[in-house]
Amino acid sequence: MASPQCCANPPTLNPIGGEGKVVESFGGIKAYVAGAAESKAAVVLISDVFGFEAPNLRKIADKVASSGYFVVVPDFLHGDPLVPESTEKPFQMWIKEHGPDKAFEEAKPIIAALKEKGVSSIGAVGYCWGAKVVVELAKAHEIQAAVMCHPSFVTVDDMKEVKCPIAILGAEIDRMSPPEVVKQFEQVLSSKSGIGHFVKIFPGVEHGWTVRYKNDDAAASAEEALADMIDWFNKNLK
């Protein structure tokens, strides 16, 4: 189950943040979109439990967009991000309403909408909770490239079924996906012929750091992870 790391250092949400715009429906889901609408390559960013209004997530979306991608950040939490201190809806109750399996089903019409727009290659990146959604998309071969950042709820069995190139960016201090588990993921991927993979464990950072960094060192590490992610998409989507 989720550890306190999953909910640590929550962001101050901003519904109007970012250089892109919020649309009421993209594939049936409210979403933040950024980048050139005519791009043939798209990236879907899938948030952690704090949702699509997190300022750092939108900064990442804008940077990915500036690399030539059309970017969609869906509101898979439907305006109901986790509030860690909530007594009305503690995590165990919240996660029952917001299982990654639901978001996986809701992602399919978004991918269909991208294809209708003329997009020919689609990548997806997920953070914590969102990484489980991404691995399901990779197993279903709905996407052409995947990135998981400090994944939650992802298993070794998931890795056995991945059908597209996948990058895993892990944290050294992570109870949800500790380095030894990430190394198991890597071993499974290495045994699968034909599935490209990139695995990196970042020293000195905690679960969630790429979107919820607290200090300059973690921010620099988050920038490095973002560069790795964009590089992965450039290799596999363009």
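The structure is a predicted model, in which local features need pLDDT of at least 70 and side-chain atom pairs count only at pLDDT 80 or more, while totals for chains, interfaces and linings use all residues. Residues are numbered from 1 along each chain as its sequence is written, and side-chain values use heavy atoms, with hydrogens and water left out.

Rolling a probe the size of a water molecule over the atoms shows where empty space is left. A pocket is here an open set of points, on a 1 Å grid over the protein atoms alone, where a 1.4 Å probe fits and which has protein on both sides within 12 Å along at least five of seven lines. The largest pocket has a volume of about 240 Å³, a volume being the space filled by probe spheres set on the points, which are joined across faces, edges and corners. Of the 17 residues that line this pocket, Val205, Glu206, Trp209, Lys214 and Ala218 are the closest to its centre, where a lining residue is one with an atom within 4 Å of a point. At least two lining residues come from each of strand 8 (197-206), helix 8 (209-212) and helix 9 (216-237), and strand 8 gives the most, with four. Helices (H or I, at least four residues) and strands (E, at least two) are DSSP runs, numbered from the N terminus.

Five aromatic pairs are present in the structure. One of them joins phenylalanine 202 and tryptophan 209, with 4.9 Å centre to centre and 45° between the planes, and is tilted; rings of Phe, Tyr and Trp (its six-membered ring) pair if their centres lie within 6.5 Å, and planes under 30 degrees apart count as stacked, over 60 as edge-to-face and the rest as tilted. Both phenylalanine 202 and tryptophan 209 are buried, a word that stands for under 20% relative accessible area, with exposed meaning over 50% and partly exposed in between (1.4 Å probe, protein chains only).

Charges also sit over rings, which requires NZ of Lys or CZ of Arg within 6 Å of the ring centre and within 35 degrees of the ring normal. Lysine 117 lies over the face of phenylalanine 70, at 4.5 Å from the ring centre, and the charged end of lysine 238 is placed over the ring of tyrosine 69, 4.6 Å from its centre. Leaving aside neighbours within four places in sequence, alanine 37 is in contact (heavy atoms within 4.5 Å) with Phe70 and Lys117. Alanine 37 belongs to the loop between strand 2 (29-34) and strand 3, and it counts as partly exposed because its relative accessibility is 39%.

Two helices are mostly covered. In helix 2 (residues 55-65), eight of the 11 residues are buried, among them Leu57, Ile60 and Val64. In helix 5 (residues 129-139), 11 of 11 residues are buried, and what covers them includes strand 3 (41-46), helix 4 (100-116) and strand 5 (121-127).

Most residues other than glycine have a negative phi. Histidine 141, which follows helix 5, has a positive phi of about 55° although it is not a glycine, and it is partly exposed because its relative accessible area is 46%. Asparagine 9, which is likewise not a glycine, has a positive phi of about 55°; this residue lies in the loop between helix 1 (4-7) and strand 1 (21-26).
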